[in-house]
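Please view the structure below before reading on.

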Amino acid sequence: MNKTKEILITGFALFSMFFGAGNLLLPPLLGYNGGDNWFWVTIGFVITAVIIPIFGILAHAKLQGTLYDFGKKVSPTFSLLYCVIVYIISIAIPSPRTASATHEIAINPFFGTSPFITSCVYFALVLIFVLNRSKVLGFIGKYLTPFIIVILILVIGIGLFSSEMIMNPSAFKTPIVGGLLEGYQTFDAIGAVVVGGVVIISLNLKGSASFTEKKELIKKSGFIAGLGLFIIYAGLISVGAFYGSEILVDGTLSNDMQRANLLRGISIATLGNIGNVFLSTLIALACFTTAVGIITGTADYFKGLFKGSQKAYIITAIFGCLIGVLVGQLDFHSIIVIALPVLMFIYPITIILIILNVLPEKWCAAIVFKWVVAITFIFSIPDFLGFIIDKQLLVGVKEIIPLAKYHFGWVLPSILTFIIVNGLLIVRKQK
């Protein structure tokens, strides 16, 4: 296989493993609510749903290890605990969410079957792919992703040229912040550290490329995936905004039904009645490839943890699929509600670890990792607790911490800690 073809296939596979239920359902409603401020909403969304995740892939290209390598400079114990938490979250929330979305939009409207049956069939197919992991990248990159992209481009392209582009006033007081927080819900930053490992191991199984060759391949593939995500996200958000006056979204419905109905309305408006069929196929494929990437990444990690044991890989894959069947019976919105406090806890740490691993080594000594991660953890606690205890109890705390009212109270303290610790290291070297 020539290098260009391999880069394209790997880039397409990465895109597809990123692009799941949330990535498809979240942007149109975000654009609809963003209205005439859709551009600023897009900027916020792209930061947390494209830029940070692609940094995660670049970090994988640099490290070429496992998720464990992301946090080992903090401490081996921290890194082990972080890995276990991330993989448990991955198989307990985003993976089952793909089955829930597939059932609600692609299966139930046509067949009226129970979510249990959908989840069983869905994760049985996922398990088959995961147990044949050496073929995963090639099959997804060659066949599934191009089909997904063609349907998306049709919906977006026709939508942009056929809508009247009459937008509603924005529902967001701070559009960029609204986009940033909605980008959390894609799970793309966590997805980057999980599926990036899948790419590393898949390339290692081929065993022919050098470290430098793999680094270049992963970087270029990451940029291809990032460009694809940017185009699709910006397109879906803008189409959601431009159809604001043409498609009525019932405010009394749950958020997941609003998202589904809006996307269905846009598909029918752009592709006609067959749009429903295309939409169902698109969601099923997009969700499926993401679930395969998550379960494969988790199984790869535990296989490595148990010294390359294939038995550990198989047991983890089966366990992950069983959890998917159980949790996948919940509706999409319920899974999002469960996910929010978890995201507020693990996402800031994940973002910081990604950024520190991308930056040059001279600025990221082990002591820098330790302090910045510790401060990030401390200042993200109020956001996490805000979903568990009475928010009024935290009002005083959030008024003191800059950006805390926007759920970004950890950002400035982390930046300041990074600067101060590096400054002290420079002073120490000069003595």
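In this predicted model, the second largest cavity is lined by 13 residues. Those that lie nearest its centre are Thr 66, Tyr 87, Gly 197, Ile 201 and Asp 300. Two elements give two or more residues to this lining, namely α10 and α13 (275-305). The most comes from α10, with 5 residues. The volume of the second largest cavity is about 80 Å³. A search of the whole structure finds 2 cavities of 30 Å³ or more.

Helix α10 (residues 188-206) also packs against another helix, α11 (residues 211-242). Two packed helices are described by the angle between their axes and the distance between the axes. Here the axes of α10 and α11 come within 12 Å and cross at roughly 140°. Angles over 145 degrees count as roughly antiparallel and 65 to 115 as roughly perpendicular, and α10 and α11 are therefore oblique to each other. The crossing of α10 and α11 is right-handed.

On the α10 side, the contact is made by Asp 188, Val 199, Ile 200, Leu 203 and Asn 204. On the α11 side, Lys 214, Leu 217, Ile 218 and Tyr 233 take part.

Definitions and conventions
Residues numbered from 1 in each chain as written. Predicted model: local features only at pLDDT ≥ 70, side-chain atom pairs only at ≥ 80, totals over all residues. Heavy atoms only, no water. Axes fitted to C-alpha atoms, helices over the stretch in contact; angles between N-to-C directions. Helix = DSSP H or I, 4+ residues; strand = E, 2+ residues; numbered from the N terminus. Parallel < 35°, antiparallel > 145°, perpendicular 65-115°, else oblique. Left-handed = near helix turned anticlockwise from the far one by under 90°. Contact = heavy atoms within 4.5 Å. 1 Å grid on protein atoms, 1.4 Å probe; cavity = no way out; pocket = protein on both sides within 12 Å on 5 of 7 lines; lining within 4 Å. Points joined across faces, edges and corners; volume = space filled by probe spheres on them.
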